[in-house]
Amino acid sequence: MPTLSRGEPGRSGSEPHRHRQVAESFGVDAARYDRARPPYPDALVDRIVATSPGRDVLDVGAGTGIEARQFQAAGCTVLGVEPDERMAAFARRGPIEVEVARFEDWQPAGRQFDAVVAGTAWHWVDPVAGAAKAARVLRPGGRLAPFHHVPQLPDAVTDALAEAHRRVAPDSPISLGAVKGSALDAAQPLFARIADGIRRTGRFSEPEQWRFAWERRYTREQWLDQLPTFGALTRMAADELADVLDSVGTVIDTLGGAVTVPYTTVVVTSTRSGKA
């Protein structure tokens, strides 16, 4: 998603976990979020389950329960932790058990899990404190596996989105920078921060990346339905959001009224060591 754009050195875009007001704004339209955000590749879910010591899963930043429902379908017992009560309430209809808290502040009360996952949410978690909390709640050999979608948007769509966002929200704490070239390369600083946070705990094996490539075709209406769920846009005034949607929609019209978006879903993963 555009929230994964590289940003500039020293800009807040490089440390989104410091902007909790954005991280906790997605529930403004939870139904739209659940409807418009894409699920995760089944192969990703299957690999995490197959390489974990059991099927007790903690889902960090569970949102509306998109990935939690996928892990449930794979035979897992899932507990979600989500800071936004509105998102948690939607997920519970899933039904997903969800506790409302920031992960860094959440109290596990002695519970342990076989896997800690996070679907396009770990960038809102302090990378060191989050990894330390994961080490605390994972059983020995348990898997930490935050994963993120990385879309490769057509340059024309990315340019329109970035230009409109700069025009209507120049002081936004989250940048929608126009990524030129490989979006996957541009997302690597995020994945490096996640891996570094894991290493700094001294409690995990060396982190590795798993990558899953897929694509989705969006009509103009489907893409514009998803846009307001992006972190840089969730708190935007109605007239500003309409400006952004109009600009992007006009570009999609020039592309034939639809866009095919290649995705790479990247997992940064490691297993908890057996030492205390």
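Student: What makes a residue a contact of Leu-58, and which residues qualify, leaving aside its neighbours within four places in sequence?

Tutor: Contact means heavy atoms within 4.5 Å. With those neighbours left aside, Leu-58 is in contact with Leu-79, Val-81, Phe-103, Trp-106, Phe-113, Ala-115, Val-116, Val-117 and Val-137. This is a predicted model, where local features need pLDDT of at least 70 and side-chain atom pairs count only at pLDDT 80 or more, while totals for chains, interfaces and linings use all residues. Residues are numbered from 1 along each chain as its sequence is written, and side-chain values use heavy atoms, with hydrogens and water left out.

Student: Why is Pro-41 called buried?

Tutor: Buried means under 20% relative accessible area, exposed over 50%, partly exposed in between (1.4 Å probe, protein chains only). Pro-41 has 15% relative accessibility, so Pro-41 counts as buried. Pro-41 is found in the loop between helix 2 (30-36) and helix 3; helices are DSSP runs of H or I, at least four residues, and strands are runs of E, at least two, numbered from the N terminus.

Student: How do you know that the buried residues of helix 3 are on the same side?

Tutor: In helix 3 (residues 42-50), the buried residues are Leu-44, Val-45, Ile-48 and Val-49. They cover an arc of only 125 degrees around the axis, so they lie on the same side of helix 3. The arc is that of the directions from the helix axis to the C-beta atoms.

Student: Which exposed residues does the face turned away from the buried side carry?

Tutor: That face of helix 3 carries Asp-42 and Ala-50.
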